[in-house]
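User: I have a structure to go through. Can we take it step by step?
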Protein chains: 4
Amino acid sequence: MGANFRSDNEAPVAPEIMAALAEANRGPAHSYGDDGLTARLKDLFRDVFETDLAVFPLVSGTAANALAVAQATPSYGAVICHQDSHMHTEECGAPEFYSGGSKLFALGGKDGKLDAVGVRERIASAGQVGDHASKPTLLSLTQATEFGTVYSLEEIRDLAKAAHEAGMRIHMDGARLANAASSLGCSPAEMTWRAGVDMVSFGATKNGAMMAEALLVFDPGLANELGRRRKQAGHLISKMRFVSAQLEAYLADDLWLRLASHANLMARRMCEGLEEIGGVDLLYPVQSNEIFVRMDRVLCDGLRAAGFEFHGWPDRSGVYRLVTSFCTEEEEVESILKALAVLDAA
Amino acid sequence: MGANFRSDNEAPVAPEIMAALAEANRGPAHSYGDDGLTARLKDLFRDVFETDLAVFPLVSGTAANALAVAQATPSYGAVICHQDSHMHTEECGAPEFYSGGSKLFALGGKDGKLDAVGVRERIASAGQVGDHASKPTLLSLTQATEFGTVYSLEEIRDLAKAAHEAGMRIHMDGARLANAASSLGCSPAEMTWRAGVDMVSFGATKNGAMMAEALLVFDPGLANELGRRRKQAGHLISKMRFVSAQLEAYLADDLWLRLASHANLMARRMCEGLEEIGGVDLLYPVQSNEIFVRMDRVLCDGLRAAGFEFHGWPDRSGVYRLVTSFCTEEEEVESILKALAVLDAA
Amino acid sequence: MGANFRSDNEAPVAPEIMAALAEANRGPAHSYGDDGLTARLKDLFRDVFETDLAVFPLVSGTAANALAVAQATPSYGAVICHQDSHMHTEECGAPEFYSGGSKLFALGGKDGKLDAVGVRERIASAGQVGDHASKPTLLSLTQATEFGTVYSLEEIRDLAKAAHEAGMRIHMDGARLANAASSLGCSPAEMTWRAGVDMVSFGATKNGAMMAEALLVFDPGLANELGRRRKQAGHLISKMRFVSAQLEAYLADDLWLRLASHANLMARRMCEGLEEIGGVDLLYPVQSNEIFVRMDRVLCDGLRAAGFEFHGWPDRSGVYRLVTSFCTEEEEVESILKALAVLDAA
Amino acid sequence: MGANFRSDNEAPVAPEIMAALAEANRGPAHSYGDDGLTARLKDLFRDVFETDLAVFPLVSGTAANALAVAQATPSYGAVICHQDSHMHTEECGAPEFYSGGSKLFALGGKDGKLDAVGVRERIASAGQVGDHASKPTLLSLTQATEFGTVYSLEEIRDLAKAAHEAGMRIHMDGARLANAASSLGCSPAEMTWRAGVDMVSFGATKNGAMMAEALLVFDPGLANELGRRRKQAGHLISKMRFVSAQLEAYLADDLWLRLASHANLMARRMCEGLEEIGGVDLLYPVQSNEIFVRMDRVLCDGLRAAGFEFHGWPDRSGVYRLVTSFCTEEEEVESILKALAVLDAA
């Protein structure tokens with residue numbers, strides 16, 4: 001049979017969200033976000049995050065990240081991020097472009113996570129050459145990380161503290177924020193602003209939306225003129241109600257957490273099954289909906305021949321990524337595990 | 001009763017396009033445009049435009065325009081455009097931002113149109129100060145224009161010739177291309193590449209799509225690395241099939257022309273009615289789906305009190321714009337005309 | 001005999017400044033502005049301008065203007081300036097580039113001067129379309145103007161007030177600040193910060209230096225990280241003492257005002273002579289060291305044949321500019337007047 | 001007595017260059033490079049480099065590097081360079097800024113040098129993620145390197161080949177090109193275009209000029225509109241003859257090589273002396289005019305107390321850099337060696 005474990009952004013759109021789009025399509029509405037649906041979205045986010053905040057609906061995670069960077073990073077500034085972060089490796093220089101030429105100070109760190117010691121050292125290092133070095137003004141961390149791991153609340157707090165002490169801002173790339181929140185079992189507030197996070201790229205597309213993200217800004221000063229910046233980047237969607245409708249349905253009745261919990265559960269199942277298979281090594285703790293394995297070419301080829309789709313990881317020979325989504329079915333997980341067991345025994 | 005004549009981007013989504021979105025939502029598909037729907041879109045555009053071309057699906061017209069500018073305009077370059085063009089007045093500096101600091105050489109011109117004489121003079125003028133002036137590298141014209149007028153094929157050819165002789169490229173902002181094509185009754189090919197146009201911002205959103213535009217590039221060299229530029233701008237939509245599905249439905253069976261013809265017809269009707277009303281002056285020839293009028297404050301207020309919505313035009317006291325769309329109903333037109341007649345008689 | 005009236009930047013370097021360079025060349029000194037000469041420059045400027053200020057030595061006026069723009073204008077911002085300002089017409093998009101894509105809102109205005117009414121209208125106009133328009137954040141005025149006229153203190157104050165009321169900053173392009181100060185007979189303080197100016201591009205090159213300008217910032221907040229911006233633009237000169245030495249000599253004993261007074265006096269003389277010549281029309285009040293005339297091609301050709309050099313003005317047929325400098329000699333002025341009288345009588 | 005070994009850019013200006021400035025100061029000359037001195041400079045460079053080339057006089061090495069990057073690197077492009085290159089660590093993001101948001105792919109490599117294997121791997125790696133990664137379009141190598149080592153001709157050829165095969169351009173940061181040329185004893189042509197280099201930042205300031213560099217471009221296509229880019233960056237010096245005069249004197253009679261040879265010789269002497277001192281470790285082969293040592297804090301403090309000036313290296317505790325220059329005197333070298341011997345024996 002086979003199944004697609006390539007990426008959660010290859011999944012379709014959740015039925016609740018399709019329904020919301022249809023519902024939003026009754027009659028005309030003011031454009032560029034000046035509609036009722038977009039207006040009430042802010043209240044919804046305020047309830048979910050238990051604080052006042054600015055909400056900027058968007059259609060791509062790269063745009064959310066790049067706008068966040070631009071708000072906090074002048075052309076002579078620098079963003080401290082992980083060397084494997086999406087922002088650094090997969091966004092074709094979007095942060096540098098949006099900020100007019102800033103640098104990304106990319107650091108190593110176990111399991112795809114930054115650590116506060118490394119961050120402090122990098123800040124100190126930049127400080128040694130005065131105007132000759134870009135100034136670190138933003139720390140960006142990814143929750144869940146590229147490798148499917150999840151920062152603990154304490155880790156987030158420590159990182160935020162290190163950055164705030166240096167006068168920097170903290171951004172969280174939450175392309176898979178729902179999976180992380182579900183994994184930690186904490187409130188969105190705890191994982192973000194209460195831990196010191198200033199801005200969040202709140203992703204919905206990978207977890208059941210069609211194209212919907214939001215840049216959330218907890219400090220009003222940091223949101224200053226973000227609307228103009230969004231327009232200048234071509235990201236002010238004229239029929240914005242259709243982005244807002246997705247986000248509204250996504251947040252309503254905890255749909256976002258339910259969808260993510262399912263994806264996480266499927267990853268958990270798969271992880272447990274993989275641990276039984278000799279020819280497969282798990283590379284990172286499985287804490288959300290991504291699983292990284294090392295396996296022999298034979299296993300990989302066999303799975304693909306059987307119709308299972310997944311990505312090899314760039315630059316890392318023999319390493320593969322399996323991603324579950326809100327609509328991954330238990331049978332799909334069992335099916336790939338069974339296929340692997342057979343291949344491994346051969 | 002009242003009706004919304006504020007903008008065609010306040011209209012809902014055409015049912016055919018909603019159906020296409022639902023249809024595209026069956027099962028997983030490869031992301032970032034590597035899906036079957038997006039692949040076959042290129043053939044569809046090739047058929048419609050009767051030539052080979054590069055197609056970049058997008059979600060905003062500003063992004064389409066700004067990417068086109070960036071492809072043809074280095075930071076030291078300049079775009080010649082009309083002083084009332086959307087690109088110059090309503091996109092918050094998107095072309096300048098995308099190109100890293102180019103200038104827009106904004107010219108006047110009757111009925112919202114550039115004329116070849118003015119374009120030639122501006123090019124000559126820039127040439128007089130060598131490296132001290134930005135170099136005009138792109139001509140951008142809007143079809144239909146901001147004022148609802150439409151360039152004739154001959155006008156386009158003359159402008160393209162003037163620009164090409166100076167080594168420049170020609171871009172057409174086609175946010176309302178369908179309305180213009182329908183108005184001229186010519187083929188898309190005649191109005192674009194056959195007349196000398198190199199790139200088109202092909203708009204669908206204002207004419208019945210949810211959020212779908214495409215940047216079309218007729219010269220392969222000019223499309224070089226546009227994909228990377230799109231990604232860097234955050235405009236590579238991960239679930240791109242849902243943009244492509246809109247465009248496919250939009251082009252299929254000439255839906256785009258049928259929708260635009262209806263909008264144009266409604267504008268035509270309204271124009272004929274307005275000519276009968278003494279207190280209303282039509283400011284431009286009505287050649288697509290926009291009508292600009294000058295009228296007394298009393299008429300304006302009366303209409304608004306009766307539930308009719310429309311925009312006053314920035315910086316031009318007493319000037320108002322009425323826009324029809326694919327779903328404007330004949331009764332809506334009759335209703336506003338009737339209301340005006342009553343107000344005017346009072 | 002002939003003489004060069006093309007531009008004051010074609011004049012050589014004043015002997016006092018050459019001497020200062022030789023003097024600065026004794027032994028090693030710390031680089032990048034961390035030298036004693038640069039340190040004491042700040043005090044000198046403070047004395048001249050009677051206030052605390054930040055001083056950034058530079059080597060080009062375009063750099064000074066562009067850095068000033070970048071400090072006060074985000075990518076989504078706009079600069080209000082005169083349509084004939086150097087920044088807009090002769091700097092190849094430097095302000096747009098340095099600011100990452102801002103716009104210049106270029107206004108007309110008599111004698112090369114902005115007027116407060118026009119400025120207020122432009123601000124109001126931009127405010128009508130919200131995030132769709134670039135936000136005016138800086139007003140830039142040129143003192144003396146491109147046409148050799150000089151803003152009165154009252155005019156400066158009015159403009160500054162209009163801009164400050166809108167939350168904007170005020171920049172003065174002072175490529176010929178010395179000529180303006182000498183013309184007005186006022187103190188540098190009166191003409192700048194006391195009149196509401198926040199930043200000055202303080203030019204010395206056109207008035208006797210080799211390559212020396214300074215960006216002066218009166219508000220410490222506005223100077224924030226200007227040092228990093230200067231470095232990122234490649235304008236932190238490693239052997240900066242040689243820029244500072246020029247500026248020190250320029251300011252010492254009012255050399256700058258003496259040099260400018262001479263240039264102005266020569267222009268005055270020439271102006272008086274030109275008024276006697278029938279075939280020559282003076283186009284603007286001669287208030288500094290530039291004279292704009294309209295004259296017949298025959299006169300122009302005759303002068304050039306006699307060895308006099310001067311520029312025709314771009315885009316304005318029959319218009320010529322004559323510039324005097326710190327080293328223009330009285331005989332040169334008399335000589336061109338005599339030549340003109342002969343040609344005119346013929 | 002003491003001596004300054006902090007940097008060659010803290011040295012004064014060579015007398016021949018001061019004389020050339022005085023000579024250039026006779027009477028007026030056309031501005032912005034349209035003068036006779038600048039015109040003949042091109043011929044001089046052509047003779048020295050034995051090929052036709054484009055020459056852009058500049059006043060800062062950062063500007064030369066950043067302009068070179070901008071010519072070859074679009075916003076979505078990347079520069080491969082060494083992780084310790086000046087461009088990456090000490091120019092505050094100038095390359096990123098000038099190119100509108102490109103990335104620097106910074107690689108490790110022994111003795112401050114890139115190696116072709118690493119370069120090929122990095123290119124291959126970027127190629128794996130398509131439009132999601134910045135595209136490497138330029139290789140930049142520094143000759144002599146930040147650590148005072150010098151690439152052999154073969155190393156340069158290998159690197160250039162690796163980059164050219166991938167369609168990239170090759171830039172050489174020659175802030176200390178003279179020292180490298182003198183060290184290799186090869187012709188400038190051999191070390192640059194004959195080895196595959198497309199552009200050179202030709203430095204003079206560190207080797208006896210006041211503020212003079214030149215960007216040399218061997219391929220005419222690559223020099224296209226570089227003049228406009230220079231102007232837009234504020235680096236078109238109005239009285240350019242004073243930059244050109246420095247470069248002319250610098251090249252005349254091999255002054256540049258004589259000055260560099262002396263600096264290299266002084267470094268050689270110092271190196272030989274240091275090898276005798278137990279408490280001092282030399283970190284890299286001394287191949288030009290920079291010496292990196294590790295030594296105890298006691299030795300460092302003792303030297304400084306005795307009036308010797310030199311830099312500790314950022315981020316590397318216990319590491320110091322000693323730089324000789326064209327005017328370092330033998331007595332200064334002997335004096336620091338003697339002081340060290342005494343301190344080491346204590």
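Predicted model: local features only at pLDDT ≥ 70, side-chain atom pairs only at ≥ 80, totals over all residues.
User: How many residues of chain B are in contact with chain A?
Analyst: 38 residues of chain B are in contact with 38 of chain A; contact means C-beta atoms, placed from the backbone, within 7 Å.
User: How do the chain B ones divide into nonpolar, polar and charged?
Analyst: On that side of chain B there are 18 nonpolar, 15 polar and five charged residues. Ala, Val, Leu, Ile, Met, Phe, Trp, Tyr, Cys and Pro count as nonpolar, Asp, Glu, Lys and Arg as charged, and the others, Gly among them, as polar.
User: New topic. What does Leu216(A) touch?
Analyst: Leaving aside neighbours within four places in sequence, Leu216(A) is in contact with Phe45(A), Leu53(A), Val55(A), Met199(A), Val200(A) and Phe202(A).
User: And helix 6 and helix 7 of chain D, at what angle do they pack?
Analyst: Helix 6 (residues 116-126) and helix 7 (residues 153-165) of chain D pack at about 10 degrees, with axes 9 Å apart. Therefore helix 6 of chain D is roughly parallel to helix 7 of chain D (angles under 35 degrees count as that).
User: Which residues make that contact?
Analyst: Helix 6 of chain D gives Ala116(D), Val119(D) and Arg120(D), and helix 7 of chain D gives Asp158(D), Leu159(D), Ala162(D) and Ala163(D). They divide into five nonpolar, no polar and two charged.

Key
Residues numbered from 1 in each chain as written. Chains lettered and ligands numbered in written order. Contact = placed C-beta atoms within 7 Å. Axes fitted to C-alpha atoms, helices over the stretch in contact; angles between N-to-C directions. Helix = DSSP H or I, 4+ residues; strand = E, 2+ residues; numbered from the N terminus. Parallel < 35°, antiparallel > 145°, perpendicular 65-115°, else oblique.
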